[in-house]
Amino acid sequence: MTTALYPGGFDPITYGHLDIATRAAQVFDKLVIGVFATPQKNLLFNTEERVDMIQRAVAPTSNIRVEPFFGLTVDFARQLNAGVIVRGLRMSSDFEREFEMALMNKKLAPEIEVLCMMTSVQYQFLSSSILKEVAQLGGCIEDLVPEHVANALREKLSIMAFR
Ligand code: ADP
């Protein structure tokens, strides 16, 4: 049984993330989506909200589980007995950061492999940050995220507009 870990901030989950997760779930026996509970950047959604949105989105895929985690990704992978960390690559600008992180993770945990999957072409431009920008400016986000995520995003942004 091979378990893989797909870690990220997922603020919020997009169809680009879901594409990587569902494709990875076809390659590995089990996939755990690990949600950074202590990310470096300021996030729009708290950990519980991000986990909940992902859980709803991956509910149809039985071998995907969603869990928040603190600390190093490789420590969480070891806890799960995951031999593989999955990441997604959109464009060459992702490559440098992913390469750097993969080398550091290899140094910290030589027994864990990092596998990068290429984005599907229709999601090449899609990131959580650009999605939030578009949503904030009133653009259409319906074909970028599941409906419950689009609703949560609009609700969060309208609450913030009143602050
Ligand atoms: P980070 O860990 O940098 O906060 P995210 O949570 O945004 O990243 O994403 C987690 C992983 O999913 C990263 O490997 C990122 O490159 C990948 N990813 C994000 N959006 C897409 C997309 N549209 N297509 C493919 N991979 C993606």
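Pro-12 lies in the loop between strand 1 and helix 1, where helices (H or I, at least four residues) and strands (E, at least two) are DSSP runs numbered from the N terminus. A cis peptide bond joins Asp-11 to this Pro-12, with omega at about 0°. The model is predicted, so to speak of local features a pLDDT of at least 70 is needed and side-chain atom pairs count only at pLDDT 80 or more, while totals for chains, interfaces and linings use all residues. Residues are numbered from 1 along each chain as its sequence is written, and side-chain values use heavy atoms, with hydrogens and water left out.

The loop between strand 1 and helix 1 also holds Phe-10. Phe-10 has a positive phi of about 50° although it is not a glycine. Most residues other than glycine have a negative phi, and most peptide bonds are trans. Phe-10 counts as buried because its relative accessibility is 4%; buried means under 20% relative accessible area, exposed over 50%, and partly exposed in between, with a 1.4 Å probe and protein chains only. A positive phi, near 65°, is also found at Asn-81, again a residue other than glycine. Asn-81 is placed in the loop between helix 3 (73-80) and strand 4, and it counts as exposed because its relative accessibility is 68%.

Attention now turns to the ligand. The ligand sits in the largest pocket. On a 1 Å grid over the protein atoms alone, a pocket is an open set of points with protein on both sides within 12 Å along at least five of seven lines, and a molecule sits in it if more than half of its atoms lie within 2 Å of its grid points. Strand 1 (3-8), helix 1 (15-27), strand 4 (84-89) and helix 4 (92-108) are the elements that give two or more residues to the shell around the ligand. Of the 19 residues around the ligand, Tyr-6, Gly-9, Gly-88, Tyr-123 and Leu-126 come nearest; a residue is near a molecule if one of its heavy atoms lies within 4 Å of it. By class, the shell is made up of seven nonpolar, six polar and six charged residues, with Ala, Val, Leu, Ile, Met, Phe, Trp, Tyr, Cys and Pro taken as nonpolar, Asp, Glu, Lys and Arg as charged, and the others, Gly among them, as polar.

The protein covers 93% of the 550 Å² of accessible area that the ligand has on its own, as given by the Shrake-Rupley method with a 1.4 Å probe.

Asp-19 counts as buried because its relative accessibility is 13%, and its side chain is joined to that of Arg-23 by a polar contact of 2.9 Å. Such a contact is a pair of N or O atoms within 3.5 Å; within protein, one must be able to donate a hydrogen and the other to accept it, and residues adjacent in sequence count only if both atoms are side-chain atoms. Ala-21, at 1% relative accessibility, counts as buried.

How values were computed. On a 1 Å grid over the protein atoms alone, a cavity is a set of points where a 1.4 Å probe fits but cannot get out, and a pocket is an open set with protein on both sides within 12 Å along at least five of seven lines; lining residues have an atom within 4 Å of a point.
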